[in-house]
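Hello,

Here is the structure I promised to pass on. Please open it first, then read the notes below it.

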Amino acid sequence: MAMSEDTTQSGPVNPRGLPIRREFGILPADNFTGYRSFKAGSFAFSRDGYFAHIRSGEISHQMPVDAFLRALMRDVAWGFFYGTVNFDGVLGTTNFYGEVELFLGAMNESFRAAKRDHTERFKADELMAVFKEMISDWTNHGYDPFAAPMETGIAWGHKHGDNDRAVTRKRVTAKRMVGLPGDTPVRSDANGYPVNRMFADVEQTQPLVFAEPGFEHEVSAFNLFAYLSRSDVTWNPSVCSVVRESLFCPTSEEFILPVEHGNDRCEWFLQLSDEIIWKTKDRDTGRDRATVVQRAGDISCMPADIRHTGYSTKRSMLLVWENGSPKIPDLIRDGKAPVVAVEF
Ligand SMILES: [Fe+2]
């Protein structure tokens, strides 16, 4: 669920054969609401006190602006992520790693049946630049789209201030492992990561490492539970250890995963504490497929042909385990790799 920093590829595939759109626009602030509007290709984005409005041609789509900003925040922070990020059942992006598709209704059975779906393709860095301007302009003072609802102010109303400190957070991407010399640091009170209110009982001691002489810089350990108890964001899997393409991406979760993630590879979920209810649907149609209830110690593997979101009432700890190989989506698309990790 999180990408390594260095995703190499031999060139983006383009199954729809779409041209690259390069028309972008940022319109002046509206005299009434104070918000700017944004254009990417034929897509127009605007917001008011309650809603984000997304239009393309005859299609006009609305989302509650808090839900839109929570989804946009993940798409921005994750660099369009693996596969598809569905903001809801209509709007979303699909990552082709260097290029990205933006769509209305392309992953919605009813839109497609009515031939009302619309998709355009962009250079990933160019669409990302517009998305970053949008999340900055549309996020008001006191609202943090990364935070649990009970730990943030509100998204509503006319433009008032900003929260760029929150929306420009750098996601953790360890090169080898958290806590190694020169790598991303262990969290503490001293570096601005207090223990979250829901993890006050989590043991905070760190393991002692006794390395053989000469191996002091090759042996390391840290308390992952303590690390996660100090996460200031939710639903933001971050790379904490890397062994070739094997990425451990732990995260703390509260309320709802703000997107429906459409997988382009299998994805392992190891529930480290408490409980998450996963709602899984068919990746391409959105038809309901299964509900998976995971409690501490449970492990699941999401297939490569689903989309999923998750609910977590009590803040919980989840380890997402990814194979970050850039070859996997093509192998699955060509039928050379299975969509499930295990066949019984
Ligand atoms: Fe996922």
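**How H1 and H3 cross**

H1 and H3 cross in a left-handed sense. Please keep in mind that this is a predicted model. The axes of the two helices, H1 and H3, come within 10 Å. They cross at roughly 140°. An angle of over 145 would count as roughly antiparallel, so H1 is oblique to H3.

Which residues meet there? On the H1 side they are Leu 69, Leu 72, Met 73, Asp 75 and Val 76. On the H3 side they are Met 128, Phe 131, Lys 132, Met 134, Ile 135 and Trp 138.

**The largest core**

The largest nonpolar core has 45 residues. Within this core, Phe 68, Leu 69, Leu 72 and Ile 135 touch the most other members. H1 gives the most, with 7 residues. Why does this core lie between domain 1 and domain 2? Domain 1 (1-169) and domain 2 (171-344) both give residues to this core, so it lies between them.

Take a look at Ile 135 in particular. Setting aside neighbours within four places in sequence, Ile 135 is in contact with Leu 69, Leu 72, Met 73, Val 76 and Val 167. Another core, of 21 residues, lies apart from the largest one. Among its residues are Cys 266, Ala 304, Ile 306 and Met 317.

**The two domains**

The domain assignment gives domain 1 (1-169) and domain 2 (171-344). The centres of domain 1 and domain 2, taken over C-alpha atoms, are separated by 24 Å. How many residues are in contact across the two domains? In domain 1 there are 31, and they are in contact with 34 residues of domain 2. On the side of domain 1 that touches domain 2, H1 and E6 each supply at least two residues. H1 gives the most to that side, with 5 residues.

Phe 80 sits in the loop between H1 and strand E6 (84-86). Phe 80 has a positive phi of about 70°, although it is not a glycine. Is Phe 80 buried or exposed? Phe 80 counts as buried, because it has 25 C-beta neighbours inside 10 Å and the cut-off is 20 or more.

Trp 235 also has a positive phi without being a glycine, of about 50°. Its place is the loop between helix H5 (224-229) and strand E10 (241-243). With 24 other C-beta atoms within 10 Å, Trp 235 is buried.

Met 150 is in the loop between H3 and helix H4 (164-167). Met 150 has 10 other C-beta atoms within 10 Å, so it is exposed; the limit for that is 12 or fewer. Along the chain, Met 150 and Phe 255 are 105 residues apart. Their C-alpha atoms are separated by 9.3 Å.

Best wishes

Key
Residues numbered from 1 in each chain as written. Predicted model: local features only at pLDDT ≥ 70, side-chain atom pairs only at ≥ 80, totals over all residues. Core = buried A, V, L, I, M, F, W, Y, C linked by C-beta atoms within 7 Å. Helix = DSSP H or I, 4+ residues; strand = E, 2+ residues; numbered from the N terminus. Domains from an automatic or database assignment. Contact = placed C-beta atoms within 7 Å. Axes fitted to C-alpha atoms, helices over the stretch in contact; angles between N-to-C directions. Parallel < 35°, antiparallel > 145°, perpendicular 65-115°, else oblique. Left-handed = near helix turned anticlockwise from the far one by under 90°.
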